[in-house]
Amino acid sequence: MTTATTSTSNMTGKPAGDGLRFYGVWLIGVIALIVLPMIFSSGGSLTSFSLIGIAIVFALSYNILLGQTGLLSFGHAVHYGLGGFAACHMMNAVVSHGWPIPLPFIPLFGGLGGLVFAMIIGWVMTKRAGTVFAMISLGIGELVASSSLILRSVFGGEAGITTDRTALPKMFGWSFGPQLQVYYLIAFWLVLAAIAMYALTRTPLGRISNAVRDNPERVQFIGYDPHVVRYLAFCFAGFFAGIAGGLAAINFEIANSAYLGAIQSGLVLFSTFIGGTAYFFGPILGAILVTYLQLGLTSVTSVWQLYFGIIFIGIVMFSPGGIAGLLMMHRPLVRAGTLWTVIPSYFVAVVPTVALACGVILTIETVARYSGGEAINLFGIAFNPKSPMTWLSAAVLVFGGAFLARLTWRRIADAWDRAATVARDRGYLA
């Protein structure tokens with residue numbers, strides 16, 4: 001009786017504070033989306049923000065499969081691409097038939113495009129999870145991507161399907177020609193889709209999806225069909241991925257076979273896993289990082305995809321919980337007031353870790369540019385890829401940085417153990 005009373009009082013005592021923090025976080029996010037273009041008003045910044053917004057919606061939709069339901073998909077870009085093609089065809093139909101459908105409603109048709117395809121193929125795909133589902137998703141993804149070059153009436157061949165977003169009926173006097181107006185349209189759908197996907201995680205379907213991810217046999221034992229749960233999650237993921245594809249079609253005014261390819265599926269997988277699948281904000285962080293790196297690295301190096309692979313391997317090996325997992329590890333220490341004891345060790349480890357990273361970058365660029373002889377500019381220092389000094393510098397940075405970083409990381413581990421022990425004694429760490 002006492003235990004029941006205690007748990008009930010905790011349940012009734014938490015919602016006020018939790019609800020305040022919940023609405024506060026969402027409000028801060030909305031304000032940030034509104035204010036960002038006022039601070040960074042250049043065309044390049046608005047384009048980058050638009051791409052990041054699309055990537056966030058796409059990554060959150062993928063996390064419905066990977067993080068919530070435990071389904072590893074290698075072909076999630078199919079729903080993204082089909083949503084983009086559906087949006088382009090719908091925009092062209094609106095223009096040719098004179099339908100009174102303004103541009104802000106077009107992403108919804110993109111979502112329906114992704115949803116319809118998910119409903120058609122999902123029932124067979126979700127009969128099994130694990131490796132079987134992953135291989136089927138890879139096969140279907142490549143099949144659709146190849147078909148996009150054959151079915152020209154639907155996909156437009158290599159040229160794709162083009163459209164004109166400014167030809168649609170105006171809404172509130174906006175023609176959506178300027179990039180600023182497109183950014184706010186993407187931001188609106190980002191907030192709407194993020195709230196919907198977060199709400200989905202709090203529904204009974206979201207909770208039972210987590211149970212299917214962890215133990216499908218027990219879910220079946222209590223009377224639920226894991227196949228049906230996986231199918232419903234697959235349909236929701238396809239719908240929101242289609243919305244992301246529709247937003248991409250609006251932003252670029254074109255949909256082509258690149259929307260459906262394995263690279264697009266790989267990028268969303270990287271974004272979701274690097275950000276962290278265990279927390280809702282993890283894919284958001286991953287999408288921001290991956291999109292920013294993609295935009296920045298493509299203009300600097302030709303082997304930018306290799307860096308993504310190295311980052312992905314590093315996250316898998318040293319932080320399976322992703323960036324969000326690393327951040328949330330510090331939450332008990334912050335509450336216990338012991339984080340300050342770990343911070344000095346972090347500062348000590350920064351220098352050798354940065355040296356190791358510079359050594360890896362210098363090694364990769366030296367190998368990549370050796371045949372062409374193109375100079376390497378690393379933080380303002382020029383290196384000749386054919387010079388022995390460049391190879392020697394890379395070796396010293398890699399091996400010296402790795403040795404010193406390992407020593408400083410041990411110091412971090414010791415400091416972390418002491419801080420965690422204090423936090424555990426104060427009841428903040430189980």
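Modeller: E374 forms a salt bridge with R369, the closest N and O atoms being 3.8 Å apart; the term is used here for a side-chain nitrogen of Lys or Arg within 4 Å of a carboxyl oxygen of Asp or Glu. This is a predicted model, in which local features need pLDDT of at least 70 and side-chain atom pairs count only at pLDDT 80 or more, while totals for chains, interfaces and linings use all residues. Residues are numbered from 1 along each chain as its sequence is written, and side-chain values use heavy atoms, with hydrogens and water left out.

R369 also forms a salt bridge with E365, and in that pair the closest N and O atoms are 2.9 Å apart. The surroundings of these residues can be described by relative accessible area, where buried means under 20%, exposed over 50% and partly exposed in between, computed with a 1.4 Å probe on protein chains only. On that scale E365 is buried, with a relative accessible area of 6%, and R369 counts as buried at 15%, whereas E374 counts as exposed at 51%. Through shared partners, the salt bridges join E365, R369 and E374 into one network.

A search of the whole structure finds 4 salt bridges. One of them lies between R213 and D214, with the closest N and O atoms 2.9 Å apart. There R213 is partly exposed at 35% relative accessibility, while D214 is exposed at 56%.

From the charged pairs I turn to helix packing. Helices (H or I, at least four residues) and strands (E, at least two) are DSSP runs, numbered from the N terminus. Helix α2 (residues 43-69) packs with helix α12 (residues 282-297) at an angle of about 135°, and their axes are 8 Å apart; the axes are lines fitted to C-alpha atoms, for helices over the stretch in contact, and the angles run from 0 to 180 degrees between N-to-C directions. That makes α2 oblique to α12, since angles under 35 degrees count as roughly parallel, over 145 as roughly antiparallel, 65 to 115 as roughly perpendicular and the rest as oblique.

The contact, meaning heavy atoms within 4.5 Å, is made on the α2 side by S48, L51, I52, A55, I56, A59, L60 and N63, and on the α12 side by P283, I284, A287, I288, T291 and L295. The residues of this contact of α2 with α12 divide into 11 nonpolar, 3 polar and no charged, where Ala, Val, Leu, Ile, Met, Phe, Trp, Tyr, Cys and Pro count as nonpolar, Asp, Glu, Lys and Arg as charged, and the others, Gly among them, as polar.

α12 also packs with helix α14 (residues 322-329), at an angle of about 120° and with the axes 7 Å apart. That makes α12 oblique to α14, and α12 passes α14 in a right-handed crossing. G282, L285 and L289 of α12 meet I323, A324 and L327 of α14 in this contact, which by class has 5 nonpolar, 1 polar and no charged residues.

Leaving aside its neighbours within four places in sequence, I412 is in contact with S345, Y346 and A349. T408 is likewise placed in α17 and is buried, with a relative accessible area of 11%; not counting residues up to four places away in sequence, T408 touches V348, A349 and P352.

Two backbone details complete the picture. Most residues other than glycine have a negative phi. F176, however, has a phi near 60°, a positive value in a residue other than glycine; F176 is found in the loop between β1 (161-162) and α7 (179-201) and is buried, with a relative accessible area of 5%. Phi of E253 is near 60° as well, and E253 sits in the loop between α10 (226-252) and β2 (254-255), where E253 is partly exposed, at 23%.

Conventions. A crossing is left-handed if the near helix is turned anticlockwise from the far one by less than a right angle, and right-handed if clockwise.
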